[in-house]
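Hi,

Here is the structure I promised to pass on. Have a look at it first, and then read on for what turned up.

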Amino acid sequence: NLYKHIALAIVFLLTLGPVAGAFGFESKEELNEAVKKAIELREAGDLDGAITIFESLTLDPRSDVGHICERSMTYAFKKDYNRAKAGYESILAHDSGSTLAILGYGWILFWSGSENKARSMVSRLTRKIGVTDHYKLEGYRLLFQIEMKTLNKTGAKRIVKKMRELGAAA
């Protein structure tokens, strides 16, 4: 499931997360436990409970990209696309090249019906030097979904070819 892959990637990045003390927690582990609990609630279908936890955290878009992405994805699952976009936009305002924010924002744009904007944003990511194959592949998966939704079979075939070049079983 693509959502689980995105969530797992973000959870992995959380282990590299910010200095917990800046958010009123005694330890980084305590902050990560709060986020882990919110993710568990989200995955169990309790989006309101997850959002309550995320909203109790003070998040800095310069140093807490992973937590903001998780919160934004939770808003997106609730179809609150404006709040989801706002989280990604806060990250991108400080780091326009944030791979996680670009991918997450691309999905939000796609789900909210802005396929052309999503295509434009994620296409730049797949061509960006320094982006790992894993993230390029995630970008191509989104681009494939966009091409299929917009009935662009030629574009979809081109994306599948690029995915295979990266070694994906497309």
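**Salt bridges and confidence**

Arg-141 is partly exposed, at a relative accessible area of 29%. Its salt-bridge partner is Glu-138, with N to O at 2.5 Å. Glu-138, by contrast, is buried, because its relative accessible area is 4%, under the 20% cut-off. Both Arg-141 and Glu-138 sit in helix α8, three residues apart, or about one turn of the helix.

Which parts of the chain does the pair Arg-119 and Glu-147 link? Their side chains form a salt bridge at 3.2 Å, N to O. Arg-119 belongs to helix α7 (residues 115-127) and Glu-147 to helix α8 (residues 133-149), so this pair links distant parts of the chain, 28 residues apart. Arg-119 is partly exposed, with a relative accessible area of 21%, while Glu-147 is buried at 3%.

In total, the count is seven salt bridges.

One thing to keep in mind is that this is a predicted model. The average pLDDT for the protein is 83, and 82% of the residues score at least 70. Over residues 11-23, though, pLDDT stays under 50, and the model has 30 contacts beyond four places in sequence for that stretch.

Cheers

Terms used:
Residues numbered from 1 in each chain as written. Predicted model: local features only at pLDDT ≥ 70, side-chain atom pairs only at ≥ 80, totals over all residues. Heavy atoms only, no water. pLDDT = per-residue confidence, 0-100. Contact = heavy atoms within 4.5 Å. Salt bridge = Lys/Arg side-chain N within 4 Å of Asp/Glu carboxyl O. Helix = DSSP H or I, 4+ residues; strand = E, 2+ residues; numbered from the N terminus. Buried < 20%, exposed > 50% of the residue type's maximum accessible area, 1.4 Å probe, protein only.
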